[in-house]
Amino acid sequence: MTEIQTLVKDLAQSHGRSRESLLPILQGIIEKDRFISEYAMIEVAKELDISTAEVYGTASFYSFLDTEKRGKYVIRVCKTITCAMKGKNQILLALEDTLKINLGETTPDKKFSILETNCLGWCHKAPAMLINDDVYTELTPEMVRQIIEDYRKREA
Amino acid sequence: MGKKQLRRMDLIFANDEDFRDILKQTLARPNEEIIEDMISSGLKGRGGAGFPTGLKWKLTAEEKAKNKYIICNADEGEPGTFKDREILTQVSYKVLAGMAVCAKITGAKEGFIYLRGEYKFLVPLLNQELDKFHSACSELGLKFNVKIFMGSGAYICGEESALMESMEGRRGEPRNKPPFPTVKGYRGCPTVINNVETLAHTFTIFKYGPRKFRDLGVQDSRGSKLFSVSGDTPTPGIYELELGMTVQDFVDDFGDGDTKAVQVGGASGFLVPRKRFKETAIGYQGKLTGISLPTGGSMMIYNSSRSMYNVLNNYLDFFQEESCGQCTPCRVGCQQLVKGVDAVKRGDKPTAYLDKLLKLTDTMKFTAKCGLGQSVANSFQSIVENFREEMIY
Ligand SMILES: Cc1cc2nc3c(=O)[nH]c(=O)nc-3n(C[C@H](O)[C@H](O)[C@H](O)COP(=O)(O)O)c2cc1C
Ligand code: SF4
């Protein structure tokens, strides 16, 4: 069995094989791989006995269920009004500059992706971003560089 | 004249160590009595729509069904609100107590917290709290189990029927109403769905009785409410205030001295310009004189350095992305609004085109299937009508 097959089987084992388990299973794949490949969708469809179109239709609806390959660390910068007013653009520039990629791209070593997202619910501590599930608030460009540096060290 | 400070309340975040006793006493009371208390307290839903909570519980209790469900809506996606996360972080036991009492009244055996994906870091803490809660329930002889269901980054899933679609493993597309969730909700069964804050307030009512709650606020808008304050303010944060204040009172207390406008109720709410501060109150639509704006508690403050064109553009971008795309007025309407304001700004369209766009939002208000598409008109009209020159130049 491939790694994905095993993962999908395990997830189906723990969440069940009803249609209601679809989201938790897809979330489980994201937690591990940060994106849901076509291959993974086919496996999920087989496991739950539904069509792949249903799996894709559901996955593509949710912004956190990426169907495009992403880095190990997905950075989502909040772009909603208060963060936008409080310096979101500088945060984005600092990220692009440190990681040498543009918004929407992934670093060649597949470690980091930069995305934007809608209101994260930290408007009183704007600007804010998520790296996978972790929240960073009251950001400055210097902090952003330091945070990325820390992640890189962790990877080294 | 000195600035008037609004009275800060401390009911929601007060640490009530007698929580188990309160839960025990409440569970021992007859259902009719609890519902009567809930109704007479005047508590209305804090998720934005303001439906009377006691009535919602009563309607679900009256349904005859084998299975019923209680759902806590923790999707908190409206731009500018962040209070529900704080409630779940600090006093989730109050929310769970509300769910437990609601379960007893309605006969539900299962409950869910629908938690937005952006708050996933809260899961370990919530699971600890759930363990404590479940042991309290079994001690008190209540068969009720609560699970967390995670969202995955979709604002529309805060809309109750879209939330239920999502829980059933599908795209978060709102359903037709009626039937309402009290009759046909999750898995087609009667379901009570309440906002996090609504449930936390029920605990206050269990503890102090309906009078204490009712004595706060004004006619039709009873009790206190959490406000998420952000934008151009020296004191951003979460504040518990009485309902019924005017926007002027609010600005005197929280503004930076140069407040140009306040967005009440998030992107789907209304922009109140300075000239309307005095006549606009915060509360539910009722018999109040003047204008009264309902809100989930999002208060975004803009000072005179801000461009209202940029603000509107940001909201429209949000709606365009978050529309579920199911119905044409909303899907195409949002796209056309984004394009339209841009074209006017660039001079590609005459300024009179703004009036066409205003009409389009009227059409959306009446033809869109759910609250998302229907409420785009709120911010669009209040911004374009009050700051028309900023849209053009
Ligand atoms: C587009 C849209 C988004 C919504 N988002 C939320 C939300 O994030 N949290 C919430 O409690 N209610 C939200 N609501 C309101 C819910 O549909 C529902 O009215 C509410 O959960 C009922 O709880 P309450 O009566 O306690 O307020 C939203 C409604 C719409 C139309
Ligand atoms: S109004 Fe918008 S969000 Fe609501 S059902 Fe229609 S397309 Fe979906």
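View 1. Let's begin with Glu149(A), which counts as partly exposed at 33% relative accessibility; here buried means under 20% relative accessible area, exposed over 50% and partly exposed in between (1.4 Å probe, protein chains only). This is a predicted model, in which local features need pLDDT of at least 70, side-chain atom pairs count only at pLDDT 80 or more, and totals for chains, interfaces and linings use all residues. Residues are numbered from 1 along each chain as its sequence is written, chains are lettered from A and ligands numbered from 1 in the order in which they are written, and side-chain values use heavy atoms, with hydrogens and water left out. Glu149(A) forms a salt bridge with Arg152(A), and their closest N and O atoms are 3.9 Å apart. A salt bridge is a side-chain nitrogen of Lys or Arg within 4 Å of a carboxyl oxygen of Asp or Glu. Both residues lie in helix H7 of chain A, three residues apart, which is about one turn of the helix. Helices are DSSP runs (H or I, at least four residues), numbered from the N terminus. Arg152(A) is partly exposed too, with a relative accessible area of 33%.

**View 2. Ile147(A) is buried in the model.** Helix H7 (residues 141-155) of chain A also holds Ile147(A), whose relative accessible area is 10%. Leaving aside residues up to four places away in sequence, Ile147(A) touches Met129(A), Ile131(A), Tyr136(A) and Leu139(A); contact means heavy atoms within 4.5 Å. Cys123(A) is 24 residues away along the chain, and its C-alpha atom is separated from that of Ile147(A) by 20 Å.

**View 3. Asp66(A) and Arg70(A) meet in a salt bridge.** The N to O distance between these side chains is 3.1 Å. Asp66(A) counts as buried at 9% relative accessibility, and Arg70(A) is buried with a relative accessible area of 10%.

**View 4. Chain A meets chain B.** Here 32 residues of chain A are in contact with 50 residues of chain B. The two chains bury about 3,100 Å² between them, 55% of it on carbon and sulfur atoms; buried area is the accessible area (1.4 Å probe) that two parts lose on being put together, summed over both. Five salt bridges are counted between the chains. In one of them, the side chains of Glu321(B) and Lys79(A) meet at 2.5 Å, N to O. On the side of chain A that touches chain B, helix H2 (22-33), helix H4 (52-59) and helix H5 (81-85) each supply at least two residues. The largest share, five residues, comes from H2(A).

**View 5. Glu168(B) pairs with Arg170(B) in a salt bridge.** The closest N and O atoms of this pair are 2.5 Å apart. Glu168(B) is buried, with a relative accessible area of 10%, whereas Arg170(B) counts as partly exposed at 30% relative accessibility. Elsewhere, salt bridges that share partners join Arg46(B), Lys83(B), Asp84(B), Glu197(B) and Lys225(B) into one network.

View 6. A polar side-chain atom of Asn73(B) lies 3.0 Å from an oxygen atom of ligand 1. Polar backbone atoms also approach ligand oxygens: that of Arg46(B) is 3.3 Å away, and that of Gly77(B) is 3.5 Å away.

Definitions and conventions: A polar contact is a pair of N or O atoms within 3.5 Å; within protein, one must be able to donate a hydrogen and the other to accept it, and residues adjacent in sequence count only if both atoms are side-chain atoms.
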